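Work through the exercises below with the sequence and the structure in view. Each task is followed by its solution.

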Amino acid sequence: MHIHPLITDSESLKTLCERLARSDFVAVDTEFMRENSYWPDLCLIQIGNTEEAAAVDPKAEGLDLTPLLDLMVDNEDVLKVFHAGGQDIEIVYNLTGKTPHPLFDTQIAAMALGLGEQVGYSNLVESLVGKTLDKGARFTDWARRPLDKRQIDYAIGDVTHLATLFPKMLERLRRTGRGDWLDEEMERLADPSNYENEADLAWKRVRISSRKADVLGRLKALAAWRENEAKSKNLPRGRIMKDETLADVASHPPSGQEGLARVRGLSPAWGGNDIGGRLMAALAAAKPLPADEMPGREERGPGLGKEGALVADLLKLLLKIRAREGNVAARLIAKSEELEMLASGRRDGLSILTGWRFEEFGRDALDLVEGRLAFAVRGGKLMMTRTEQGQ
């Protein structure tokens, strides 16, 4: 494989992308910093196929990333391959308003192949390619310039190994007939709504116990205020105000700005400074959350009752058995919430009752809940058996 020198000029990037646009797939990775900012600070982009690979410096003066971004979001003929690509996809979305498509995530594919729930990249490479990765440069300062050779070599290695890894995984998926299992997962990963940061929806990410319309209305207003403050200052949300403080203020708002000085998690200065004034203005403008925006009650947890919780536990045991038998990660088949919904009597809208999940697990899960399947111990081994009702 040909490894290009670090790309810092537009012409080199354009000609590289023209060649890569004729590939069946490209492997993609990014290096970024986001510990101290709202927006990820993109520091390096790595891209390659089975013949060539390059690192691209997005911080290079005058570099036009358009050919690369067009390849990512507008070329439907080239598959984009990532490993645990959520944050890489978010960066592309922030730059273009679109997500890479079509795409393939090797971490998700590893679950379908029974290689682990959230297998790390280095472990996957070692397992399927037989190479041990040097992790020494993983936590370096990617924003520092100039980048040294060790950093660039480390970064390039991510896509060169990914380009070798992907065809091996694809062949395994074809042999097992599980390639179609992943279509839904990849489309979900590519859904742009996953990466939108609309201020009016920010409240949905904050945990709060209250279901009162006035409290939730204040929470919505405060979360939107915090989101806009974080964006304008390019600071992490938690640097403006932590979630628990936000929920506390929404539940127990002070009568005046001076009361902010007594709120745990806020500096006493908020009692009289500008940011405290903007927070109070957001509170004053808050309205009770409309009925059509009220969150639905979760069909899980205490709502199951003691018997329902026991049924959910049996379903989780069945899931472990079926996942082990099928050599697939249990997390790919079903989430705990769905098992609890099934145990509580829900049947509509559950992914485990449709498609391949139904064939692999859902049919047996339904039979267990409805009394047509039971656990038995034979010869010291736990197994499933049909009841008279199910025969």
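The exercises that follow concern a predicted model.

**Exercise 1.** State how many helices and strands the chain has, and give its extent along the principal axes.

Solution. Counting elements gives 15 helices and 8 strands. The C-alpha trace spans about 75 × 65 × 35 Å along the principal axes of the chain. Of the 391 residues, 47% are buried. The chain exposes about 20200 Å², and 48% of this is supplied by carbon and sulfur atoms.

**Exercise 2.** Locate proline 288 and decide whether it is buried or exposed.

Solution. Start with the secondary structure: proline 288 sits in the loop between helix H11 (274–285) and helix H12 (305–326). Next, take its relative accessibility, which is 53%. The cut-off for exposed is over 50%, so proline 288 counts as exposed. Then list its contacts, leaving aside neighbours within four places in sequence: these are Ala213, Asp214 and Gly217.

**Exercise 3.** Which residues form the negative surface patch, and where is aspartate 191 placed?

Solution. The patch consists of Glu76, Asp77, Asp180, Asp183, Glu187, Asp191, Glu196, Glu198 and Asp200. Aspartate 191 belongs to the loop between helix H7 (181–190) and helix H8 (213–233). Its relative accessible area is 31%, so aspartate 191 is partly exposed. Patch residues need over 30%. For the chain, the count is 54 positive and 62 negative side chains, with the centres of the two sets 6 Å apart.

Technical notes. Residues are numbered from 1 along each chain as its sequence is written. This is a predicted model: local features need pLDDT of at least 70, side-chain atom pairs count only at pLDDT 80 or more; totals for chains, interfaces and linings use all residues. Side-chain values use heavy atoms; hydrogens and water are left out. Patches are made of residues with over 30% relative accessible area and no salt bridge: like charges are joined within 9 Å, nonpolar side chains (Val, Leu, Ile, Met, Phe, Trp, Tyr) within 5 Å. Accessible areas come from the Shrake-Rupley method with a 1.4 Å probe; for residues, only the protein chains shown count as cover. A salt bridge is a side-chain nitrogen of Lys or Arg within 4 Å of a carboxyl oxygen of Asp or Glu. Lys and Arg count as positive and Asp and Glu as negative; His and the chain ends are not counted. The place of a charge is taken as NZ of Lys, CZ of Arg, CG of Asp or CD of Glu. Helices (H or I, at least four residues) and strands (E, at least two) are DSSP runs, numbered from the N terminus. Buried means under 20% relative accessible area, exposed over 50%, partly exposed in between (1.4 Å probe, protein chains only). Contact means heavy atoms within 4.5 Å.
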